[in-house]
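Trainee: I would like a close look at one part of this model, and then at what else stands out. Please keep to what can be read from the structure.

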Amino acid sequence: MTTNQPIRPRRNRTTAAVRGLVRETELQVRHLIYPYFILPGENRSEPIPSMPGIARMTTDLMLADMAQCMEMGLCSFILFPVVPEEWKDATASYSFQEGNFYVEAIAAAKKQFPGCCIVTDVALDPYSSDGHDGLVREGQILNDETLPILGKMALLQAQAGADLIGPSDMMDGRVGYIRAVLDEAGFTNTGIMSYTAKYASGFYGPFRDALESAPKFGDKKTYQMDPANRLEALREAELDEAEGADFLMVKPALSYLDVIRTLKDQTALPIAAYNVSGEYAMVKAAAEKGWLDHNRIVDEILLSIHRAGAEVVISYHAKDWAIRHN
Ligand code: PBG
């Protein structure tokens, strides 16, 4: 028997119950990582104008905020230091100074919340008077000379109890270098979440405001990737995997959903995506103007990053999402 009736995909959208049966992806709070910008000292919090709802804060206030997150099951965090200008120098020496406020914050978080997961940041820029992720000589960003500093920084963070070391610097060979340093010191259980495909992006603007870490000259195009390239991300992924990375990250997220999917199809390693500061700022600005429905857009953005293939989504929206889905 034949029929002239069209095939009707709409039948599977008829009711909420049917839609629930066929829904393919579901974001859960366990997939999210929430960032903090840490200030030295105590009891101080400073709003970041280009990131409404996000503040820099001292460790004590971070711990209080984390307690709220932990209660909702939001238990993974990524920490960045806000280093005063006068502590910055050409070799980023504060980054590997024992007992610096950043590693103290990591240790305090792990002490207060043993069940949390702390992801760190490894790169020179928050500590560098040049504002670059590597050492600078005569206007060049040095690769191999930067690695020992990254290694020292990573080791200090591992000693403080970090769960995942997060090299965001894009120097060649740094994942293997850091893995060797950690293993040699006995930190075989400390993982590496590598910023595998980190693009030279305009979307980092508000983050650089937050840290006052913008490069003092030039740009980051000799180490961060060209936004035009997808296959190059595969090459970076193969290297990071071979060097011992435990997670591969794509950053930013929204303009790079194809790269997330490419890596997801290529590797058995978990993929993380960083929904960065500029992506956050755009949503907040449009919502403030009443041009978009904030909550709906946030849910759709985080879901789409997850659907593209990122198990893990790092986002400034994470706490707000957790509150609304608690
Ligand atoms: C630098 C670093 C950056 C971000 C995380 N680590 C900025 C940059 O590369 O200049 C950006 C995060 C964001 O925009 O939310 N190591």
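In which segment does Arg-10 lie?

Mentor: This is a predicted model. Arg-10 is found in the segment before α1 (16-22). With a relative accessibility of 67%, Arg-10 counts as exposed, because the cut-off for that class is over 50%. Arg-10 also belongs to a patch of positive charge on the surface, where it gathers with Arg-8, Arg-11 and Arg-13.

Next, the aromatic side chains. The structure has 14 aromatic pairs. One of them joins Phe-37 and Phe-80, a tilted pair with 6.0 Å from centre to centre and 35 degrees between the planes. This pair links distant parts of the chain, since Phe-37 sits in strand β1 (residues 32-39) and Phe-80 in strand β4 (residues 76-81), 43 residues apart. Phe-37 has a relative accessible area of 1% and is therefore buried; Phe-80, at 1%, is buried as well.

Trp-87 and Phe-101 make another pair: their ring centres are 6.2 Å apart and their planes stand at 55 degrees, so this pair is tilted. Trp-87 is partly exposed at a relative accessible area of 35%, whereas Phe-101, at 10% relative accessibility, counts as buried because the limit is under 20%.

Phe-37 and Phe-80 also belong to one aromatic cluster, together with Tyr-195, Phe-207, Tyr-274, Tyr-280 and Tyr-316.

How values were computed:
Residues numbered from 1 in each chain as written. Predicted model: local features only at pLDDT ≥ 70, side-chain atom pairs only at ≥ 80, totals over all residues. Heavy atoms only, no water. Patch = residues over 30% accessible without salt bridge, like charges linked within 9 Å, V, L, I, M, F, W, Y side chains within 5 Å. Areas by Shrake-Rupley, 256 points an atom, 1.4 Å probe, with all protein chains shown as cover. Salt bridge = Lys/Arg side-chain N within 4 Å of Asp/Glu carboxyl O. Lys, Arg positive; Asp, Glu negative; His and termini not counted. Charge placed at Lys NZ, Arg CZ, Asp CG, Glu CD. Helix = DSSP H or I, 4+ residues; strand = E, 2+ residues; numbered from the N terminus. Buried < 20%, exposed > 50% of the residue type's maximum accessible area, 1.4 Å probe, protein only. Phe/Tyr/Trp six-rings, centres within 6.5 Å; stacked < 30°, edge-to-face > 60°.
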